[in-house]
Amino acid sequence: MRRVAITGLGAITPLGNSVDAFISGLERGENATQYMPEWEKYTGLRCLVGAPARMQDEKLIPRQNRRSMGRLSIFAVQAAEQAVKDAGILPAELSSGRLGCVIGSTMGSAESINEAFETILPDHDLSKLTSTKFFQCISHTAALNVGQYLGITGTVMSTNAACASALQAIGTGYDIIRLGGQDMMLCGGAEGLHPTVVGSFDVLFAASSTFNQDPKNTPRPFDARRDGLVCAEGSGIVVLEDYERAQKRKAKIYAEIIGYNSFGNGNHVSESNREAIIACVNETLTRAAVAPGEVDYINAHATATIQGDKEEAAAIRQIFGDTVPVSSLKGNIGHTLGASGSLELIASLMMMEKGVIYPTLNLQEPDKDCRGIKHVMEPLKKEIRIFLKNCFAFGGINAALICKKT
Amino acid sequence: MVEQDIIRMVNEVFNESFEIPEDKLVPGANIFNDLGLDSLDIVDLVVALQKKFAVTIRDDERVRTIRTLGDIHNFIQLIKKENKK
C-alpha cells in the first residue's frame, strides 16, 4: 500500500476565508456565533443563532460555472482553489486523470432546495424552474462543481454522511491513493447555513436555544451549561498525495495520514452511542498501529449537545483515560456539519505545525458526565506528533482519522 | 407595449440572468456566438422571458428559430399581439 501525505489546505470559515484567517481567529479565541434576525419569521424555530461565513468574490467564478453552484458549492470551489494553490498543483495535473476529488456535504444546497420548492409549490408549476437548479440541489453538488470548475478528469465522487461527510471524503481519498487509483485527491466537505437545516436539529432539541440574546456564549462543548449545537457553514479542502510523489517534488507535507475508519452504530439514527464510538476509534488505532498512549491530541467532534458530548467523553475516557489533551473547535466556529471534519482537521494540522493546542471555547465548567478526560481550557503549548480527529453523524455513522507528523 | 419597452426589458433579462453588459446588447447580436449562451441558458432564457413578459412560450416551436436579440424582440412583440386578440 502507498503512503499518503497531506500537501495542501484551503478553508472558507465563519472566522474568515483563508486558512490564515481561520487560525488567527482561533488564536484570538474568537466565537463566530451571531443572532440571526432573518430567522424570526420561522414559527417553531427556537434556535435563532448561527455562525455564517462571508460570501465574497463569488463573481470571480465565471457565470457558466457559477450557475450550477449553490452557496455550499461556491465555498467548496473557493476552498479547493486555495488548496490547489497551496499544494502547487499545475493546471495540467488537474486534467491528467491521476488527480481526483471526493467532497461531501450533508445534502445539496439547502438554500437552493428551498428556492426550488418555493418556485414549484405555490402553483405546482415546474415550468418556472431554471435549468441549473437541479445541479445546486443534488447531493454531490460540491464534488461535481469543483470537478467541473477545476477541469478534474480523475475520480469525482461525493460522501454524504451528514456531519461525517468530510472525514469520510478524506478517508475515501486516502484509500484511493493507497490502492494506487489516483496520485492526488482534493478531499473535504462543504455546508451552507440555512434555517431549514437548523430546524432539523431544533425539532430534536439538539440546537442551542437559550443563548439567543447572548450568542457569544454558545455553543458550549462539554460544558455543564451546554444546550445544543450552533449550525455554521463553510468548506475545508485538503490535498492528499502519494507520499513518495510529494517527497520527490519537494512539496510541503503537513502530515501523513496513518489510519482511518468509519463504522455505523447499528442501533439508533440520532443518539450517539459510546460503545460504537469506542469500536470505531479502536479500529482506527489498530489500522494506524498506534497505541492510545502515543496520541498527543484528540480533536473531538463535541458539538455541545447533551447526549453526544456525554457519549464522546465516555468513549475517550475509556480508551485514553485522562492523559491525552482533548478540545473541540465548535465553540469557535459552531458546527459546520458536512465541512466540520475537514475544517477541524486543517486546524489540527496547524496546531501540529505551531506546537499549540487551541482550547474548547466556552468550556468553563466540564459537565459531570464529561469529566475524566483531559480538557484543554486554555491554549496549551505541546508538541503534537500524532493526533486523532473524530466525527460522528446522524444515522449512527462514526468516523475517525489519525495523522502523524513527518 | 412599444418596441422600446420590449428592448429594455429583454436587455434587463440578459443583464440579470446572464450578466451581459449593456454595450453588447445590440439587436444583431447572435445569442450563442456573440453573447455566449448555451443549451442550459436557453432554458433559463425562456423561464426569464415568461416571467418578465407574463407570457407562456416554453412549448412554442418558434422559440427554436431564435438566433439574435432582434429575433427575441420580434417574437415577444408577436406573442403580445397574439395574446391581445
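Glu191(A) sits in strand β6 of chain A. With 35 C-beta neighbours inside 10 Å, Glu191(A) counts as buried. This is a predicted model, in which local features need pLDDT of at least 70, side-chain atom pairs count only at pLDDT 80 or more, and totals for chains, interfaces and linings use all residues. Residues are numbered from 1 along each chain as its sequence is written, while chains are lettered from A and ligands numbered from 1 in the order in which they are written.

**Terms**

- A residue is buried if 20 or more other C-beta atoms lie within 10 Å of its own, exposed if 12 or fewer, and partly exposed in between; C-beta atoms are placed from the backbone.
- Two residues are in contact if their C-beta atoms, placed from the backbone, lie within 7 Å.
- Helices (H or I, at least four residues) and strands (E, at least two) are DSSP runs, numbered from the N terminus.

**Around Glu191(A)**

- Glu191(A) and Ser105(A) are 86 residues apart in sequence, yet 5.8 Å apart in space, C-alpha to C-alpha.
- Setting aside neighbours within four places in sequence, Glu191(A) has contacts that include Leu72(A), Ser105(A), Thr106(A), Glu233(A) and Gly234(A).
- Thr336(A), Leu337(A), Gly338(A) and Ala339(A) are also among the contacts of Glu191(A).

- Strand β4 of chain A covers residues 99–104; 6 of its 6 residues are buried, so it is largely enclosed by the rest of the structure.
- One side of β4(A) carries Leu99(A), Cys101(A) and Ile103(A), all buried.
- β4(A) pairs with β6(A) (residues 184–191) in the parallel sense over 6 bridges. Two strands pair if DSSP finds at least two bridges between them.
- Leu99(A) has Met184(A) as its bridge partner in β6(A).
- β4(A) also pairs in the parallel sense with strand β5 (residues 156–157) of chain A, over 2 bridges.

**Backbone geometry in loops**

- The peptide bond from Thr218(A) to Pro219(A) is cis, with omega near 0 degrees.
- Pro219(A) lies in the loop between α9 (195–202) and β7 (234–242) of chain A.
- Phe222(A) is placed in the loop between α9 and β7 of chain A. Its phi is near 65 degrees, a positive value in a residue other than glycine.
- Phe222(A) is buried, with 29 other C-beta atoms within 10 Å.
- Ala289(A) has a positive phi of about 55 degrees, although it is not a glycine. Its loop runs between α11 (274–288) and β9 (297–299) of chain A.
- Ala289(A) counts as exposed, with 10 C-beta neighbours inside 10 Å.

**Packing and cores**

- In helix α5 (residues 110–120) of chain A, the buried residues are Ala110(A), Glu111(A), Ser112(A), Ile113(A) and Ala116(A).
- Those buried residues of α5(A) pack against α3 (71–87), α6 (133–137) and α9 of chain A.
- In soluble globular proteins, nonpolar side chains tend to be buried together.
- A nonpolar core is a set of buried Ala, Val, Leu, Ile, Met, Phe, Trp, Tyr and Cys residues joined through C-beta atoms within 7 Å.
- The largest nonpolar core has 138 residues. Ala76(A), Val146(A), Cys187(A), Val238(A) and Leu240(A) have the most contacts inside it.
- α3(A) gives the largest share of this core, 10 residues.
- This core draws at least three residues from each of domain 1 and domain 2 of chain A.
- A second, separate core of 14 residues includes Phe14(B), Ile20(B), Val47(B) and Ala48(B).
- Beyond four places in sequence, Val146(A) is in contact with Ala76(A), Val77(A), Ala80(A), Cys101(A), Ile103(A) and Leu186(A).

**Domains of chain A**

- The domain assignment gives domain 1 (4–248) and domain 2 (258–404). Domain bounds come from an automatic or database domain assignment.
- The C-alpha centres of the two domains lie 20 Å apart.
- 59 residues of domain 1 are in contact with 52 residues of domain 2.
- On the domain 1 side, α8(A) gives the largest share, 7 residues.
- That side divides into 32 nonpolar, 21 polar and 6 charged residues. Ala, Val, Leu, Ile, Met, Phe, Trp, Tyr, Cys and Pro count as nonpolar, Asp, Glu, Lys and Arg as charged, and the others, Gly among them, as polar.

**Between the chains**

- 6 residues of chain A are in contact with 7 residues of chain B.
- The chain A side has no nonpolar, 4 polar and 2 charged residues.
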